[in-house]
Amino acid sequence: MASWHINTLQSVFLLFLQPWFSIFAIPILGAVISAIIGKFSTEISNYFSVATIGISALLASYLVFAGNWEEQVILLNPTVFNYNIHGFFNNSIMVDPLGAFVALIAAGLGFLIALFSLEYMKDDDAQGRYYFFLQLFVGGMVLFVLAGDLVILFFGWKIMGVCSYFLIAHWFHKPDPQGTLCAKSGIKAFLMTFVGDIALLIALGILWLELNTINIKIITVEFATNVSPDLQTLVALFILLGAISKSAQFPLITWLSSPRRINIDAMQGPTTVSALIHAATMVKAGVYLLSRFYNVFGPTEVEPFFITIAFIAAITAIISAASALVSIDIKRVLAYSTVSQIAYMFMGLAVGYLAYYENQAISIEGFMATQFHLLSHGLFKALLFLSAGAIIHSLHDERNIKHMGGLKNDLPVLHWSTLIGVCALAGVPFLFNGGYSKEAILGSAINYASSGARLASLGWIVYGAGIITAPLTAIYAFRFFFLIFYGEKPEKLKIYKPGAIMRGVTSSLAILVIATGFLGPILLNNYFEPMFEHVAYHNPLRYIPDLVHQPMAFFNMILAISLVAVGFTISYLIYYKGPRTIMPTVRKYWVLSAFYNIAEEGFYLDVLYNELLDLFMRVTWKLRKLQSGDLNYNTVGIVVVLLAILIAFILF
């Protein structure tokens, strides 16, 4: 018995010496250790928590920059680590360019957010619980993106879902109504993502039953030939539903709710949690999931999959940008912005999928552009959310941007860091990473649309949605900036200036936003090439000045710059001098007034779901009255029958 324990401990110790294991194991184990330390010293526990995430970020950097990708010679053939500790489990961790890249984004931004939290959350009554789930969240995301099989992938996916519930509901202990509102918001976010959990689990179950393996590498090679066309479509659509749920795409966009009618959404948690979910983890998980299966789905068999992605992304990008345009909550503006920018990534993958399976020279433009925008968005959205958190902290929890103004001189560091983040979000070219990565996505769309391919019309739909969204993004981004920092400062506004940690983190992120704009195309130039050696590798990540030699790309560049300029001008004329209201003008035209109200209420999707839920509860209550006793046999029977029909549909 003693020998067995010694051998097991030796095996575990050897695992911790491997960077591919420690990168997720240290923050997950650190969550438990920090909780124990917190019983004796909250301050030491907090610093320990930040350190574990920092170590994970360092290990992720090592995997990215030391990865020996040139040894990979076939389609998505990464380094696969299979491990087995005395028969307890036999699974795999997969380290390839994609997994290491997203792990670095998650752990790196997670570290900066945890560092920011040292000051932002220093007066919180439940810091131990906060840092426990913060570490677990980052560890779960890293485990998810490095998963080499379906079991570990789903396990990491579920860790994120559970942690999001606890972090969004973090302030449930506060007096009502805030405490109850936070608790309901956490439950709602958990239920929204649970829809995707079920869909993903069904898809993974079908893959396992059909291919008799859970290894992602084997599934990648055998899926197209060993799974029937109908099941290919079903698996693809279920995986897409999982991604839509996690990334809050239409119609599961109701992470953000109707502010007047319901007002239960993910923005009720600490702003650092919003930064973590919207910049480093969670909503990026859907993008990663589709990227991971980029090589899996066949061209003709899953055509509905490509079409669905394109239309959902186009709808989401436009309606979420419209909602951001009229929102007045500082966090809700940024959250709607995230949903819109994630839709850009979905659009990039949609045209990328289509070109990839038509073996075009531009075959991975969409994939490459999406990953670049994943990096860009992670940095500038973390910058904007943390800047917003510092502003809220400085204004004693004020979140209404119309109650702000004139903060330029009082908060100079936040003024400049927010300006950099806003310019990147709006897609201002030449200096900011968002200008390069967004142009790359639109460029990949217009290249596919003009290629003469059979589904080129989808490329035009994607490109059109991107072009419509671009000026809306510029308007709401600069509206956000002008209303906070310009105009007249309200007389009753009391300002508490943020400390060195908050200013240091936001300044560091601002530098990274600019630096990755210049260095991103260089660092990512051939980074993903080992994953696609069997296709023509055409790099879309170029500096904007280089595009003048390409007529279509040059046209796209000029159009993108013009749209940003139009959006900036409109925002400047309306909002630069302060929080003017445009409602008197809007109310003159019933169409504008109706659209304003609909957009402000999130297109009433949350209201619709709430009414449907109420209807379901009323019907089941009536059915329950048909029975004596407490157990609702009718409802149970209905659920069993529906599940049986669904299983029969899947299997036969």
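1. Let's start with a term: a residue is buried when its relative accessible area is under 20%, exposed when over 50%, and partly exposed in between, using a 1.4 Å probe and protein chains only. Leu-605 comes out at 11%, so Leu-605 is buried.

2. A word on what you're looking at. This is a predicted model, where local features need pLDDT of at least 70 and side-chain atom pairs count only at pLDDT 80 or more, while totals for chains, interfaces and linings use all residues. Residues are numbered from 1 along each chain as its sequence is written, and side-chain values use heavy atoms, with hydrogens and water left out.

3. Now the overall picture. The protein has 23 helices and 2 strands (DSSP runs numbered from the N terminus: H or I of at least four residues for helices, E of at least two for strands). Of its 652 residues, 59% count as buried. Take the contacts (heavy atoms within 4.5 Å) between residues at least 6 apart in sequence: 79% of them join residues at least 24 apart.

4. Back to Leu-605, which sits in helix H22, residues 605-624. What does Leu-605 touch, not counting residues up to four places away in sequence? The list is Phe-250, Pro-251, Ile-253 and Thr-254. Phe-250 is 355 residues from Leu-605 along the chain, yet their C-alpha atoms are separated by 9.3 Å.

5. Next, the core. A nonpolar core here is a set of buried Ala, Val, Leu, Ile, Met, Phe, Trp, Tyr and Cys residues joined through side-chain atoms within 4.5 Å. The largest one has 210 residues, and Phe-144, Leu-290 and Phe-528 are among those with the most contacts inside it. Helix H13 (residues 330-357) gives the most to this core, with 20 residues. Leaving aside neighbours within four places in sequence, the contacts of Phe-144 include Trp-157, Met-160 and Tyr-288.

6. Finally, the holes. A cavity is a set of points on a 1 Å grid over the protein atoms alone where a 1.4 Å probe fits but cannot get out, and lining residues have an atom within 4 Å of a point. Of its 14 lining residues, the closest to the centre are Gly-427, Gly-435, Glu-439, Ala-560 and Val-564. H16 gives the most to this lining, with 5 residues.

Key. 1 Å grid on protein atoms, 1.4 Å probe; cavity = no way out; pocket = protein on both sides within 12 Å on 5 of 7 lines; lining within 4 Å.
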